[in-house]
Amino acid sequence: MGRRENPVAASEPALRRLACWLREQRDRAKLTYRQLADRTNFHPTTLQRAAGGRSLPSWEVTEAIARECGADLRTARRKWTQANYWAHVPRTSGGQCRRAPRRLNPEHVDSFADLRRAMHEMRRKAD
């Protein structure tokens, strides 16, 4: 029996959701990180860091965990894309978002600049 995992360390909610989801999938599959590493060819430490929430794991690591645990890859991609999007929002030195992404209602777009900005944000969010 391995030791108990530390709490998820993510300060960003989207990254926290991804890390918790990765842990849930591993727990549901009843796999240790070492067993998962043998199946995915990633080092156990890499897999632990992915589920730790301190930094955004690569899509390849996220996909490997989801695939080997029998999780839905579309859900994995959606959660990773959201975490990736929020990881790239500019921040101040205090860690606060410098600007929150705007969610533009299509009815409120009344210029080409608004349309361009809305499409740019949608594209970034969708990765």
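Modeller: Happy to. In this chain, residues 24 or more positions apart account for 51% of the contacts with a separation of 6 or more. Keep in mind that this is a predicted model.

Colleague: Fine. How many helices and strands does the chain have?

Modeller: Six helices and zero strands, so along the sequence the pattern reads α-α-α-α-α-α. Of the 127 residues, 36% are buried.

Colleague: What makes the buried residues of H2 line one face of the helix?

Modeller: H2 covers residues 33-40, and Tyr33, Leu36, Ala37 and Thr40 are buried in that helix. Looking down the axis of H2, those buried residues fall within an arc of 105°, so they line one face. Arg34 and Asp38 are exposed, on the face turned away from the buried side.

Colleague: And what covers the buried residues of H2?

Modeller: The cover includes helix H1 (13-29), helix H3 (44-50) and helix H4 (59-69).

Colleague: Why is the contact between Asp27 and Arg26 called a salt bridge?

Modeller: The cut-off is 4 Å from a side-chain nitrogen of Lys or Arg to a carboxyl oxygen of Asp or Glu. Asp27 and Arg26 come in at 3.5 Å, N to O, so the pair qualifies under that cut-off.

Colleague: Are those two residues buried or exposed, or something in between?

Modeller: Buried means under 20% relative accessible area, exposed means over 50%, and partly exposed is in between. Arg26 has 10%, so Arg26 counts as buried. Asp27 has 46%, so Asp27 is partly exposed.

Colleague: How do you know that the charged end of Arg26 sits over the ring of Tyr33?

Modeller: For an Arg, CZ has to be within 6 Å of the ring centre and within 35 degrees of the ring normal. The charged end of Arg26 is 4.0 Å from the centre of the Tyr33 ring, and the contact is listed as sitting over that ring. Arg77 does likewise over the ring of Trp59, at 4.6 Å from its centre.

Colleague: Why is the pair of Tyr85 and Trp86 called edge-to-face?

Modeller: Two values decide it: a pair of aromatic rings is described by the distance of the centres and the angle of the planes. Centres must lie within 6.5 Å, and planes over 60 degrees apart count as edge-to-face. By this rule the count comes to two aromatic pairs. Tyr85 and Trp86 are both buried.

Colleague: One last thing: what is the phi of Lys30?

Modeller: Positive, about 55°, although Lys30 is not a glycine. Lys30 lies in the loop between H1 and H2, and at 70% relative accessibility it counts as exposed. Asn41, which follows H2, has a positive phi near 65°. Asn41 sits in the loop between H2 and H3, and its relative accessible area of 72% makes Asn41 exposed.

Technical notes: Residues numbered from 1 in each chain as written. Predicted model: local features only at pLDDT ≥ 70, side-chain atom pairs only at ≥ 80, totals over all residues. Heavy atoms only, no water. Phe/Tyr/Trp six-rings, centres within 6.5 Å; stacked < 30°, edge-to-face > 60°. Buried < 20%, exposed > 50% of the residue type's maximum accessible area, 1.4 Å probe, protein only. Helix = DSSP H or I, 4+ residues; strand = E, 2+ residues; numbered from the N terminus. Contact = heavy atoms within 4.5 Å. Arc of directions from axis to C-beta.
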